[in-house]
Amino acid sequence: MKIIVIVLLLGLSTVKADIEFHLLWQVPGRLTDIHVSDLNEDGYKEILLATGQSYEKMLSTPTGSVTAIICEGMVSQFKPDGTLIWEKRVCKNDTAQDPCYSDGCVSAIYADSICTTTRKLIFVGCCYCGKSSLIRVYDAEGQFIQEFGQGVAAGQPVPFDGCVRKILAEDINADNCKDLIVVTNLELFVYITDCQTCTIPAVPTFTAVSTSGTINDVIVVNFDDSPSPTKEIVVAADSATVYTFNPFTGMIQFKWSYDLVPGEPVRAVYAFDLDSDTAAHEIDQDPDLEPELVVGESWYIYVLDNMDQGTPDPLDDVPNLKWEYSTSPYNVNTVSAGKFIGPRNVMGGSASIVYILDYNGSLLQTFNAPNEVRKLDIADFDKDGQKELVVFSNNYISVFSTTEMVWSSENLQGNYIDGAVLDINLNGYPEIVAGYSLGLYTIGVEELTSMTGSEADQLYSAGKDFMEKGNLVEAIIHFEQARAKYEEAGNTFMAIQCQKRISECEKFLDTDRVVAAAMEELRNYSYEEASYLFGEAANLYGRVGDKSKMSHMRVLKEAAEKLWQAHAGLEEAHYLLLDNKYTEASVEASWAQHSFEDVSTLFLTMSLDSLYETLKLEISARIRECDEVTELCSQFAEAEALKEEADKYAADGDLYFSNQQYSEAKHSYEQAKDSYTKAAHIFDEVQISLGKRADSFRRDISDIEGKIKTLEQSDIYETYEDVQTSQAILNLEKKKLVYEDLIDEYEDLAESIGKEARECRRYSTNASNQAGESYSFSDRFLRYGRDILQPPTSIAVGLALLIVTLVGLAAGKGRYVALVFLVLVLIFLGISAFQLWQ
């Protein structure tokens with residue numbers, strides 16, 4: 001087999017091929033988990049996609065404002081062709097008392113039916129603040145059913161410690177009902193389903209704790225030869241540990257554990273029957289026809305067999321090491337087994353090397369993957385009876401034949417999350433469904449047309465040429481004609497391929513309309529709607545292979561999402577400021593500013609047209625607005641702190657004055673006067689800033705009114721009053737109302753601040769007057785003396801004393817006393833003259 005890789009993929013051969021790979025569709029986003037399941041039981045498999053990214057957010061609680069880690073975990077359900085069925089924030093809890101539990105990330109997702117009479121359920125592991133989890137259960141349509149944890153307290157579920165890493169549903173006790181298994185970092189929980197009521201118990205039936213290592217993987221398998229069809233739970237942690245349901249006790253109990261290299265963790269386990277060809281039942285070594293455990297620990301791949309000790313009690317069984325293979329010096333990350341090179345192979349991934357072993361542990365082949373190997377799977381893509389090996393590694397997906405790499409993706413720019421290889425659309429060929437940290441990729445194969453020169457093949461080939469050149473109308477015409485010819489010839493597969501091509505062309509034709517609608521939503525501040533439409537456009541471009549435009553749309557989707565969040569954060573900051581919550585407002589404004597700056601950075605990666613230039617100006621204005629809010633918060637906090645400080649000084653002054661401690665009272669009043677004066681000055685500045693902010697909102701309203709007028713005067717609205725334009729006008733009207741409300745609030749606040757400033761000045765004057773009255777008797781005597789020494793009082797007193805002295809001298813009585821008075825008078829008049837001169 002030779003494979004040509006197109007669209008997303010790197011071709012490794014130029015020889016004519018039998019099949020080719022296509023990127024069927026993709027969904028960008030911060031992926032946390034995926035799961036593939038036939039949810040509506042119609043044969044087609046749906047894909048559940050979990051996304052979300054943690055960030056800090058200030059939340060209001062009954063006891064005050066707190067900073068919590070919010071994730072806004074989202075689950076989306078897609079049809080096999082990439083059509084979105086529904087999307088929901090599944091971890092949101094509006095009634096949570098603790099803000100940490102108001103919203104969370106989806107750390108694990110799984111779907112299955114637990115009873116034969118029920119439809120499939122979706123189990124979501126919601127991780128809150130990165131430290132605890134709850135399982136929330138939804139039906140296939142996304143309707144919430146219940147939630148549970150590791151117990152119940154006060155009628156509420158008790159959260160699991162840590163994040164849920166894996167969820168499984170398996171019939172452990174052979175009662176025809178599937179039981180639920182929940183795995184966190186260090187604990188394993190088993191919930192035995194009540195088959196009569198088909199309900200999951202609120203408290204786990206069994207709990208196991210890994211005391212010395214993280215749980216890396218869990219599988220469920222029946223690998224012993226006991227007559228009971230009960231299954232074992234195998235846990236990969238500090239060792240390979242097996243738990244089993246004991247039919248004699250009706251309990252899940254520890255069976256055995258095995259640790260090849262003490263102190264090294266077991267990273268992977270897999271179960272497969274290596275000892276017999278299960279198809280022909282040809283016995284090689286072990287006549288039990290039961291699977292063995294393939295284990296990856298440290299730098300070893302090894303196989304364990306369950307050894308029956310000849311007693312009916314399954315707890316008497318012991319592990320038996322059959323063989324081991326060293327991958328030194330690299331640790332084993334993943335193991336698998338199946339029919340690849342021969343009927344039974346053991347496969348393992350260590351660093352970027354893939355090891356292919358036979359069932360006895362002998363090395364058959366090694367392959368080099370593009371990056372660290374995370375998972376292995378096998379599938380027959382070209383229907384030749386020989387399976388190919390699919391290697392999921394960080395950043396890449398690769399496919400190998402038995403001898404070489406035949407296909408590899410380009411760099412997907414993300415670490416591996418989860419993946420599967422199966423036929424999701426019932427076209428008879430397996431698809432690769434791969435979840436990476438930056439998106440979901442669904443890749444399929446298409447059988448190449450035979451070069452027989454038939455009319456149908458020629459029409460199909462011409463349609464592909466037109467499609468590649470962008471002439472989509474001609475391409476549709478040729479694909480339609482080719483489909484009719486293939487149907488006449490009974491070639492159902494190629495008729496289906498023609499229909500796929502027609503759908504791709506039609507979707508590509510629709511893309512321009514979607515992009516135009518997204519741009520209009522972006523222009524009219526409807527960022528949430530714009531983000532959705534840009535995502536749709538990215539998917540459409542991805543399906544037709546235009547990677548450049550797909551990437552462009554993904555950037556715009558991210559930008560629209562950030563603008564939506566930033567505007568919401570900025571609006572929240574304004575209302576928090578108006579509610580006197582300055583710290584919270586400052587945090588929200590800073591977060592909004594970072595988001596606006598991120599968008600500005602994103603725009604640097606794109607060629608800008610007039611819309612982008614307008615958006616850049618808008619973003620720059622919003623960044624300045626964020627700075628204004630932050631500065632106002634700082635000024636408010638400083639002014640209120642000064643006013644509080646001044647009030648304290650004034651109160652201290654009153655206390656000192658009442659205790660006749662005049663010097664201390666005077667000092668406190670003077671300090672109060674200074675603080676009131678500074679506070680009044682800051683309040684003046686704040687009042688001016690608030691007025692300017694209200695004026696800015698008026699300019700925003702003017703811009704909005706201009707947009708509304710433009711929309712109302714559009715031909716389609718004047719003629720039909722179409723729903724889309726009406727909704728855009730309604731959204732703008734709502735934004736206008738928000739600005740009008742903020743103007744009223746800010747003007748009221750500015751008026752209140754003006755009163756505060758005047759009040760501070762009045763208090764400053766009062767403090768100054770009180771400082772002037774804060775003197776003791778001696779201080780008042782000295783002050784009185786100093787007042788007398790001040791002109792003109794000092795001159796009048798001096799002249800009066802001079803007259804008395806001269807009269808005394810003239811009378812001849814008290815001559816010496818009069819001389820002394822004369823000297824004092826001259827000194828007194830000299831001081832007065834000096835002060836006048838000064």
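Biologist: How many disulfides does a search of the whole structure find?

Modeller: Please bear in mind that this is a predicted model. A pair of cysteine sulfur atoms counts as a disulfide when the atoms lie within 2.5 Å. A search of the whole structure on that basis gives a total of five.

Biologist: What is the handedness of the disulfide of C91 and C126?

Modeller: The sulfur atoms of C91 and C126 are 2.1 Å apart, and the two residues form a disulfide. C91 lies in the loop between strand 9 (84-89) and strand 10 (105-112) and C126 in strand 11 (residues 121-128), so the pair ties together parts that are 35 residues apart in sequence. The torsion about their S-S bond is about -85 degrees, so this disulfide is left-handed.

Biologist: Is C126 buried or exposed?

Modeller: A residue is buried when its relative accessible area is under 20%. For C126 the relative accessible area is 0%, so C126 is buried.
Its partner in the disulfide, C91, also has a value of 0%, so C91 too is buried.

Biologist: What is the handedness of the disulfide of C115 and C198?

Modeller: C115 and C198 form a disulfide with sulfur atoms 2.1 Å apart. This pair links distant parts of the chain, 83 residues apart: C115 is in the loop between strand 10 and strand 11, and C198 is in the loop between strand 19 (187-191) and strand 20 (206-209). The torsion about the S-S bond of C115 and C198 is about 120 degrees, so the disulfide is right-handed.

Biologist: How many residues apart in sequence are the parts that C177 and C195 tie together?

Modeller: C177 and C195 form a disulfide, with 2.0 Å between their sulfur atoms. C177 lies in the loop between strand 17 (166-170) and strand 18 (179-183), and C195 in the loop between strand 19 and strand 20, so the parts tied together are apart in sequence by 18 residues.

Biologist: Is C195 buried, partly exposed or exposed?

Modeller: Partly exposed residues fall between the buried limit of 20% and the exposed limit of 50%. C177, at 5% relative accessibility, counts as buried. C195 has a relative accessible area of 28%, so C195 is partly exposed.

Biologist: Within what arc do the buried residues of helix 1 fall?

Modeller: Helix 1 (residues 455-469) has 15 residues and reaches 21 Å from its first C-alpha to its last, close to the 21 Å expected. Its buried residues are A456, D457, L459, Y460, G463, K464 and M467. Seen down the axis of helix 1, these buried residues line one face of the helix, because they fall within an arc of 160 degrees.

Biologist: Which exposed residues does the face of helix 1 turned away from its buried side carry?

Modeller: An α-helix has 3.6 residues a turn, so residues three or four places apart point the same way. Helix 1 is followed by G470, whose phi is positive, near 90 degrees. On the face of helix 1 turned away from its buried side, the exposed residues are E468 and K469.

Notes
Residues numbered from 1 in each chain as written. Predicted model: local features only at pLDDT ≥ 70, side-chain atom pairs only at ≥ 80, totals over all residues. Heavy atoms only, no water. Helix = DSSP H or I, 4+ residues; strand = E, 2+ residues; numbered from the N terminus. Buried < 20%, exposed > 50% of the residue type's maximum accessible area, 1.4 Å probe, protein only. Expected span 1.5 Å × (residues − 1). Arc of directions from axis to C-beta.
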